[in-house]
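Dear colleague,

Please find below the structure that I am handing over to you. My findings follow directly after it.

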Amino acid sequence: MHVYLEIRAGCQGKPEGCRKYSLNLQLGGYFATVFINPRSGAGSVACNENREMLRGTAGMAFGMYFTPSSFTPARYDDTIKRLEEAGAGAPPGRLYHVAMEVDGLIQVFDVWESEASFQAFGKTLLPIMADLGADPGQPQASPVHNLIKG
């Protein structure tokens with residue numbers, strides 16, 4: 001895969017006078033363009049150019065929020081161990097995974113490239129959770145509108 005990175009500093013939507021920086025990475029067939037946010041000077045995706053760019057990539061991503069019942073930190077750790085043993089510790093299509101402890105139970109927020117990637121992972125995850133006596137419940141699934149790193 002090839003990744004092309006273009007950074008425009010201080011453009012404010014005007015191509016003339018923009019400085020462009022290119023970076024080609026061998027990461028497969030992915031193409032990405034990141035624009036500097038002229039308002040902050042940072043590499044945020046919050047400017048209009050980045051939102052437009054994300055419509056074809058991260059805009060298609062899905063956030064999945066789970067509040068499983070009886071999912072203690074020990075059960076979560078056991079689930080992670082079993083997923084790793086099954087070769088699914090870092091499943092294809094999962095972009096981010098966050099496990100949060102709330103009132104002694106684990107809640108999970110994941111970002112997936114697509115709902116199909118998430119569904120494929122569920123074929124491995126759900127039997128493991130059932131074996132541990134943890135009901136994943138119904139996840140809250142929402143399309144990702146914006147991602148800001150940092």
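The largest cavity holds about 160 Å³ of space. Sixteen residues line it, and those closest to its centre are Phe71, His97, Val108, Leu125 and Met129. A cavity here is a set of points, on a 1 Å grid over the protein atoms alone, where a 1.4 Å probe fits but cannot get out; lining residues have an atom within 4 Å of a point. The grid points are joined across faces, edges and corners, and a volume is the space filled by probe spheres set on the points. By this rule there is one cavity of 30 Å³ or more. Rolling a probe the size of a water molecule over the atoms shows where empty space is left.

Helix H2 (73-85), strand S4, strand S5 (105-112) and helix H3 (115-131) each contribute at least two residues to the lining of this largest cavity. By residue type, the lining comprises 12 nonpolar, two polar and two charged residues. For this division, Ala, Val, Leu, Ile, Met, Phe, Trp, Tyr, Cys and Pro count as nonpolar, Asp, Glu, Lys and Arg as charged, and the others, Gly among them, as polar.

**Basis of the model and overall fold**

This is a predicted model, in which local features need pLDDT of at least 70 and side-chain atom pairs count only at pLDDT 80 or more, while totals for chains, interfaces and linings use all residues. Residues are numbered from 1 along each chain as its sequence is written, and side-chain values use heavy atoms, with hydrogens and water left out.

The protein chain has three helices and six strands, which follow the pattern β-β-α-β-α-β-β-α-β along the sequence. Helices (H or I, at least four residues) and strands (E, at least two) are DSSP runs, numbered from the N terminus. Of the 150 residues in the protein chain, 31% are buried. Buried means under 20% relative accessible area, exposed over 50%, and partly exposed in between, with a 1.4 Å probe and protein chains only.

**The second largest pocket**

A pocket, unlike a cavity, is an open set of points with protein on both sides within 12 Å along at least five of seven lines. The second largest pocket contains about 170 Å³ of space. Its lining includes Phe66, Phe118, Leu125, Pro136 and Pro139. Helix H3 gives the most to this lining, with five residues. Six of the lining residues are nonpolar and four are polar, with no charged residue.

Phe66 belongs to strand S3 (residues 62-66). Because its relative accessible area is 9%, Phe66 is buried. Phe66 and Pro139 are 73 residues apart in sequence, yet 4.8 Å apart in space, C-alpha to C-alpha. Another pair involves Pro136: Gln107 is 29 residues from Pro136 in sequence and 9.5 Å from it in space, C-alpha to C-alpha. Gln107 lies in strand S5 and, at 17% relative accessibility, counts as buried.

**Salt bridges**

Side chains of opposite charge can pair when their charged atoms come close. The whole structure has two salt bridges, each defined as a side-chain nitrogen of Lys or Arg within 4 Å of a carboxyl oxygen of Asp or Glu. One joins Asp78 and Arg82 at 3.5 Å, N to O. Both residues of this pair, Asp78 and Arg82, lie in helix H2, four residues apart, about one turn of the helix. Asp78 is partly exposed at 26% relative accessibility, and Arg82 is partly exposed at 26%.

The other salt bridge joins Arg82 and Asp131 at 2.4 Å, N to O. Since Arg82 lies in helix H2 and Asp131 in helix H3, this pair ties together parts that are 49 residues apart in sequence. Asp131 is exposed, with a relative accessible area of 56%. Through shared partners, the salt bridges join Asp78, Arg82 and Asp131 into one network.

**A nonpolar surface patch**

On the surface, Val98, Met100, Val102 and Phe109 form a nonpolar patch with about 270 Å² of accessible area together. Patches are made of residues with over 30% relative accessible area and no salt bridge; like charges are joined within 9 Å, and nonpolar side chains (Val, Leu, Ile, Met, Phe, Trp, Tyr) within 5 Å. Accessible areas come from the Shrake-Rupley method with a 1.4 Å probe, and for residues only the protein chains shown count as cover. Strand S4 (residues 94-102) gives the most to the patch, with three residues. Val98 lies in strand S4 and is partly exposed, at 36% relative accessibility.

With kind regards
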